[in-house]
Amino acid sequence: MLDRRTLLLSALGAALPLRAALAAQQRIVCAGGAMTECVFALGAGNDVVAVDTTSLYPRAALSLPKIGYLRQLAVEGVLSLSPDIVLADRDAGPPNVLTQLKATGSILHQYQGPLSAEAVPDKVRFVGQVLDRAARAEEVASAISADLATLAQAVARVEKRPRVLFILGTVKGRMAGRGTIADLVIKLAGGENVAGDFDSYRAVSVEGIIGPQPDFVLTMFQSDHAPVAGEDPAQKAARELGLDILPKNKRPQVIPVDGPYLLALGPRSAHACYDLAAQLHPTQDWPGLPARSWVG
């Protein structure tokens, strides 16, 4: 029979791995859907204690406490969570809040890379360095780079780029110009942004939609309007944009998009742009990309 000392030592030995695991856990707050997706893709989702309101994927992020909108963060709300790490995307703000977070020590880590396709795997590597998961980050980033290369090769075979307009919202919507993520994903998917003659976003009217004669209108919206029986999302979006005044043969094709999927510029972006490319070029063969564990 084992004596008490042997039993105690055995119990302590069994507890050491658990203590080590608990010590390795970090309280992570994510500001930006891409940051949240990166953390979960690298297997650190259990360490996330709060996210911003643009973090809608994966499903586990939906039940986490919210720190507000990405561009309207509050210092008190973030610090009340006692984070060890605050991961912020390039568009996080406002600037004075980021300055105050930096002044608290070394908890803030903001991605400040360019707005480009290369930013997607780069963000994964950035998060991997912060979380000390560089090896896993390189695996994920390399896979994403391969998927983006496959997308680029497929788009290169496109003979004609359709004219595309992206509208954020329908009632009092705004169209996306240069220097926006929408502009980037349109190009990655083999389209031409017909609103590429101005920067950022601009208010748009029905005439502003019709004038550039787009082939496709991409829109992300939530509506409080009562649905029409039998109306699909594309029809509903076209109606709310005012495009139903046009003859059917002259209307651009409206494609409702999943904003977090298409615009986060995170680990799922290669697949999101590939899916959009298939919609913009329906006659071309699009066999699909490999299944990835971080893409639902």
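Q: Which strands does helix α2 lie across, and at what angle to β1 does α2 run?
A: Helix α2 (residues 33–41) lies across β1 (28–31), β2 and β3, at about 140° to β1. Helices (H or I, at least four residues) and strands (E, at least two) are DSSP runs, numbered from the N terminus. Angles run from 0 to 180 degrees between N-to-C directions, with axes fitted to C-alpha atoms, for helices over the stretch in contact (heavy atoms within 4.5 Å).

Q: What order do the strands of the open sheet have?
A: The order is β2-β1-β3-β4, four strands with parallel pairing. Pairing needs at least two DSSP bridges between two strands. The edge strands are β2 (48–51) and β4 (108–110).

Q: How many bridges join β3 and β4?
A: Three, in the parallel sense. V86 has L108 in β4 as its bridge partner.

Q: New topic. What is the pLDDT average?
A: This is a predicted model; local features need pLDDT of at least 70, side-chain atom pairs 80 or more, while totals for chains, interfaces and linings use all residues. Residues are numbered from 1 along each chain as its sequence is written, and side-chain values use heavy atoms, leaving out hydrogens and water. The average pLDDT (the predictor's confidence in each residue, from 0 to 100) is 88.

Q: Where does pLDDT stay under 50?
A: Over residues 5–23.

Q: Which residues does L131 contact, leaving aside neighbours within four places in sequence?
A: Q26, I28, V39, A44, I85 and L87.
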